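Thanks for sending this one over; here are my notes, as numbered points. Please keep the model open beside you while you read.

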Amino acid sequence: MSKSDTPLALVGYPPAAALALRELGLIALSVPAAAPEEVVQACRTLGFGGALIAPAHQAAWLAAVSPDPEARRAGRVDAVTFGGLTPQGTFAHADALSDALSSSDYAARGAALLVLGQQTGDLLLAAPLTRLGFSQIALAAHSAPEAEKVLRDLPVGPRYFPVSRRDGSVQALAERSDLIVLTSGELPPRLLQPYHTLLDLTGQVQAGGSGATVLDLEHLGAHHLTRQLSHATGQRLNAPEVAGAARVLRGEAG
């Protein structure tokens, strides 16, 4: 059976997601979101080639597979391949974030970045962006120690400023930043200014009256799905090709 004929398991996604992927020529089937170890065993027995994992189940799958560095850093798995002796898991969302920012023509090199989250894992969602040439990167978490933990996974080169979200310096760092990435929680009041570009991974921010430029996350969803499918099936599709299916998965994931 070729990879294109090998069924793909969808964990935590509704039937509409399977239908959307079938329109791309993939054999996709929803499977029960039971204990990950049981699902892995069942999928391998039934000949599934890989799986896509919906957000609500990604953390639970980390211990059921052999995670790659991106999955270990994020503490979650969103795509799995069952080929080989052990199932291999990745967190495809990480590199998809870089793909989306690069395809938006945003000029990252030499710019200043502010990442806002709560815990270390939140900030690590934006870690791949730190490899795009930013000269200054501020990391704001619930506490300064939480922000400092992220530094061991980031490249040498940029100037880093790990701080607490409650620190008054966050406002000053924002004023010196070009791109603001919100990975969890809320934006502090009056933080956004017209010269900012916002990448909101929470989907909750109303940037309305600030005048800031908001990056379109529709492209992120498409890049994410291409990365997931590449890992789980070995097929390399392009973002425009999967955009419709990505909207279905993003909007209806359980």
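Predicted model: local features only at pLDDT ≥ 70, side-chain atom pairs only at ≥ 80, totals over all residues.

1. Residues are numbered from 1 along each chain as its sequence is written, and side-chain values use heavy atoms, with hydrogens and water left out.

2. Let me start with a loop residue that I liked. Glutamine 58 lies in the loop between strand 3 (50-53) and strand 4 (66-67). Is glutamine 58 buried or exposed? Its relative accessible area is 6%, so glutamine 58 is buried (buried means under 20% relative accessible area, exposed over 50%, partly exposed in between, with a 1.4 Å probe and protein chains only). The side chain of glutamine 58 reaches the backbone oxygen of isoleucine 53 at 3.0 Å. Leaving aside residues up to four places away in sequence, glutamine 58 touches Ile53, Arg76, Val77, Asp78 and Phe91 (contact means heavy atoms within 4.5 Å).

3. Now the overall picture. The chain's secondary structure comes to 9 helices and 12 strands. Its radius of gyration is 19 Å, which agrees with the value near 18 Å that a compact globule of 254 residues would have (taken over C-alpha atoms; the globule rule is 2.2 Å times the number of residues to the power 0.38). The C-alpha trace spans about 55 × 35 × 30 Å along its principal axes. Of the 254 residues, 50% count as buried.

4. Strand 4 pairs with strand 6 (residues 88-90) in the parallel sense over 2 bridges, and serine 66 has glutamine 88 in strand 6 as its bridge partner.

5. Helix 2 (residues 36-46) has Pro36, Val39, Val40 and Cys43 buried. Seen down the helix axis, these buried residues fall within an arc of 100 degrees, so they line one face (the arc is that of the directions from the helix axis to the C-beta atoms). They pack against strand 1 and strand 2, while Glu38, Gln41 and Thr45 are exposed on the other side of helix 2. Glycine 47 follows helix 2 with a positive phi near 85 degrees.

6. The other sheet to look at is an open one of 6 strands, ordered 9-8-7-10-11-12 with parallel pairing. Here strand 9 (159-164) and strand 12 (213-214) stand at the edges; each has a single partner strand, so one side of each is left without a neighbour. Strand 8 (residues 136-141) pairs with strand 9 over 6 bridges, and alanine 138 stands opposite phenylalanine 161 in strand 9.

7. Finally, helix 4 (residues 93-103): its buried residues include His93, Leu97 and Leu101. Among the elements covering the buried residues of helix 4 are helix 3 (69-74), strand 10 (179-182) and helix 8 (218-233). Just after helix 4, aspartate 105 takes a positive phi of about 70 degrees.

Key:
Pairing = 2+ DSSP bridges. Helix = DSSP H or I, 4+ residues; strand = E, 2+ residues; numbered from the N terminus. Polar contact = N/O pair within 3.5 Å; in protein donor to acceptor, adjacent residues only side chain to side chain.
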